[in-house]
Amino acid sequence: NFTDVPPHLQNREEDLKKGGRNRDMDTSFEGVIATFNTEKGFGFIKEEGEKENIFFHNSQLKEPIKVNDKVTFEKEMSDKGFRAVNIKKK
């Protein structure tokens with residue numbers, strides 16, 4: 001079967017959907033800051049209802065955050081998987 005979804009994304013199709021809606025219609029996701037290394041400038045967000053953590057760089061923070069803060073964010077595909085962008089406190 002042919003598909004528009006590349007092989008490395010086929011098992012992440014659920015990441016592209018939220019509540020049965022297409023990602024293009026709803027690009028906002030929610031999660032909690034799991035780790036944040038201020039010295040190195042990156043961390044991980046535990047996405048609500050998912051097992052995997054999403055990487056983020058401090059350049060994508062819209063305001064100061066700390067571990068355990070609830071945030072909203074958008075996802076962007078990188079060479080190594082999804083990363084969080086436009087991160088805001090909830």
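A salt bridge is counted here when a side-chain nitrogen of Lys or Arg lies within 4 Å of a carboxyl oxygen of Asp or Glu. By that criterion, a search of the whole structure finds five salt bridges. The model is predicted, so local features need pLDDT of at least 70 and side-chain atom pairs count only at pLDDT 80 or more, while totals for chains, interfaces and linings use all residues. Residues are numbered from 1 along each chain as its sequence is written, and side-chain values use heavy atoms, with hydrogens and water left out.

The chain contains zero helices and seven strands, and its elements run β-β-β-β-β-β-β from the N terminus on. These elements are DSSP runs numbered from the N terminus, with helices (H or I) of at least four residues and strands (E) of at least two. Of the 90 residues, 28% count as buried; buried means under 20% relative accessible area, exposed means over 50%, and partly exposed lies in between (1.4 Å probe, protein chains only). The accessible surface comes to about 6500 Å², with 46% of it belonging to carbon and sulfur atoms; the areas come from the Shrake-Rupley method with a 1.4 Å probe, and for residues only the protein chains shown count as cover. Among contacts (heavy atoms within 4.5 Å) with a separation of 6 or more, residues 24 or more positions apart account for 46%.

E3 (residues 29–37) pairs with strand E4 (residues 42–47) in the antiparallel sense over six bridges, where pairing requires at least two DSSP bridges between two strands. E3 and E4 form a hairpin with four residues between them, and Gly41 in the turn has a positive phi of about 85 degrees. E3 also pairs with strand E6 (residues 70–78), again antiparallel, over four bridges. Val32 takes part in both pairings: this residue stands opposite Lys46 in E4 and has Lys70 as its bridge partner in E6.

Next come the charged pairs. Glu30 forms a salt bridge with Lys90, with the closest N and O atoms 2.9 Å apart. This pair links distant parts of the chain, as Glu30 is in strand E3 and Lys90 in the segment after strand E7 (81–89), 60 residues apart. Glu30 is partly exposed at 23% relative accessible area, whereas Lys90 counts as exposed at 60%.

Lys89 and Asp69 meet in a salt bridge at 3.8 Å, N to O. Lys89 belongs to strand E7 and Asp69 to the loop between strand E5 (53–57) and E6, 20 residues apart. Asp69 is buried, with a relative accessible area of 11%, while Lys89 is partly exposed at 36%. A network of salt bridges links Lys66, Asp69 and Lys89. Arg83 and Glu76 form a further salt bridge, at 2.6 Å from N to O. Arg83 counts as partly exposed at 33% relative accessibility, and Glu76 is partly exposed at 33%.

The rings remain. Five aromatic pairs are found in the whole structure, a pair being rings of Phe, Tyr or Trp (its six-membered ring) with centres within 6.5 Å; planes under 30 degrees apart are stacked, over 60 edge-to-face and the rest tilted. Ring pairs link Phe42, Phe44 and Phe55 into a cluster. Lys75 lies over the face of Phe29, at 4.5 Å from the ring centre, and also over the face of Phe82, at 5.2 Å. A charge sits over a ring if NZ of Lys or CZ of Arg is within 6 Å of the ring centre and within 35 degrees of the ring normal.
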